[in-house]
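Here is a short briefing on a complex. Look at the structure first, then read the points below.

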Amino acid sequence: MSMDRKSFLKITGCAVAGAIAGGKLGGLVAGAEDAEYLPAPGALTARRWGMVVDTRKCRKQEGCKDCIRACHQAHNVPQIPDKTREVKWIWKEKFEHAFPSQETEYPNEELHGRQVLLLCNHCDDPPCVRVCPTQATWKREADGIVMMDWHRCIGCRYCIAACPYGSRSFNWGDPRPYIPKVRADYPTRTKGVVEKCTFCEERLARGEMPACVEACPEKALVFGDLADPNSEVRRLLRTEYTLRRKPELGTRPEVFYIL
Amino acid sequence: MRDRGWILLGLALFIALVTFPLWYNTALGVAPKQLQLEKAKGEACVYETAYMRQHHMDVLMEWREQVVRRGNHLVKVGGKTYEMSLTKTCLDCHRSKERFCDRCHDYAAVTPYCWDCHVSPEEAPVVAARARTADER
């Protein structure tokens with residue numbers, strides 16, 4: 001059989017196009033296309049979630065770690081004794097470390113050395129999101145939560161370098177041996193993945209407040225919608241003098257502190 | 001083509017060696033291994049069994065996309081609503097990860113990494129028992 005170049009290319013082209021189209025159609029086997037995806041009905045929603053930490057109330061219980069324990073138990077956060085490898089979502093830090101721009105060479109007696117509760121600020125302009133090459137971390141359009149998709153994280157740690165608040169931790173090894181009581185209803189992380197606070201988005205979807213907010217015996221953590229002028233967080237911001245961490249960086253944290 | 005005989009002999013030997021496991025087992029009458037999967041608790045799966053067998057990984061990927069990235073937690077299929085959760089929904093019917101997921105994945109020689117992070121309820125106490133006791137922060 002003889003064939004000229006033109007008809008050979010024509011036939012080959014048609015065959016390739018047909019194979020691609022056939023493969024695509026074959027992928028859509030009957031059954032899955034009638035699925036309808038819905039948000040959970042009882043979920044707590046807001047246009048901009050934010051938090052106010054009232055350190056006056058927090059200080060009433062010296063050495064209390066209820067919020068930290070509740071958070072870390074709820075999210076299978078490993079308790080690694082080695083400080084260079086520790087993983088933390090919410091933790092306490094000295095005032096001068098949390099608010100370095102507030103420090104002068106004449107430290108305030110009352111503030112210096114005081115323990116302040118820290119967590120991810122869920123910034124309005126999050127630098128971690130800007131640097132993530134896989135969009136494993138992103139800011140949710142609906143409510144401003146800076147989310148993590150651990151499936152996508154490739155462990156490059158750009159976000160850790162970018163976050164000015166130390167809110168992100170890296171799993172240098174398998175975290176499972178360090179999780180005191182593993183829960184099956186929340187995943188653990190694995191070696192090579194970055195993790196951080198997610199404002200308990202899984203609890204919000206179930207209609208529950210974040211674990212730390214719920215666990216606080218003094219109700220020092222107030223969580224609510226910053227876009228709603230009538231919310232409790234907005235009332236506190238109206239009536240109290242509040243601080244954000246490192247405001248000079250322009251990240252616009254959505255966690256506020258009453259000192 | 002002076003070496004035709006040698007080449008053909010070599011080829012025949014090569015094919016005989018490569019297919020050795022096949023005809024050896026046939027000659028001995030070894031029956032192929034049957035896959036024994038635990039029966040699910042529920043009556044029907046989210047999608048038909050045949051579809052699930054072929055596409056459960058695609059379904060799980062879609063669920064993951066919907067839950068993590070789009071904030072949808074429920075899926076409505078054929079009038080029934082399910083929570084899109086591997087450990088809560090799938091494993092509620094397929095009670096044993098070991099006798100269902102693992103068994104088939106071993107049989108098919110695939111190693112998905114779902115379980116590097118997700119914990120099956122039956123495994124949770126085992127993982128917990130393996131944990132070293134660390135001082136609570």
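Which residue takes a positive phi just after α3(A)? A:Asn76 does, at about 50°. This is a predicted model: local features need pLDDT of at least 70, side-chain atom pairs count only at pLDDT 80 or more, and totals for chains, interfaces and linings use all residues. Residues are numbered from 1 along each chain as its sequence is written, while chains are lettered from A and ligands numbered from 1 in the order in which they are written.

**Confidence**
- The predictor gives the complex an ipTM of 0.83 and a pTM of 0.83.
- Chain B averages a pLDDT (the predictor's confidence in each residue, from 0 to 100) of 90.
- In chain B, 96% of the residues score at least 70.

**Helix α3 of chain A**
- Helices (H or I, at least four residues) and strands (E, at least two) are DSSP runs, numbered from the N terminus.
- α3(A) spans residues 66–74, and A:Cys67, A:Ile68, A:Cys71, A:His72 and A:Ala74 are buried there (20 or more other C-beta atoms within 10 Å of a residue's own, with C-beta atoms placed from the backbone).
- They lie on the same side of α3(A), because they cover an arc of only 165° around the axis (taken from the directions from the helix axis to the C-beta atoms).
- Their cover includes β3 (90–94), β4 (115–119), α8 (211–215) and β9 (221–225) of chain A.

**Interface**
- Chain B puts 37 residues into the contact and chain A 35 residues (C-beta atoms, placed from the backbone, within 7 Å).
- On the side of chain B that touches chain A, α3(B) gives the most, with eight residues.
- β1 (36–38) of chain A and β1(B) pair in the antiparallel sense over three bridges (pairing needs at least two DSSP bridges).
- A:Tyr37 stands opposite B:Val75 in β1(B).

How values were computed
A residue is buried if 20 or more other C-beta atoms lie within 10 Å of its own, exposed if 12 or fewer, and partly exposed in between; C-beta atoms are placed from the backbone. Two residues are in contact if their C-beta atoms, placed from the backbone, lie within 7 Å.
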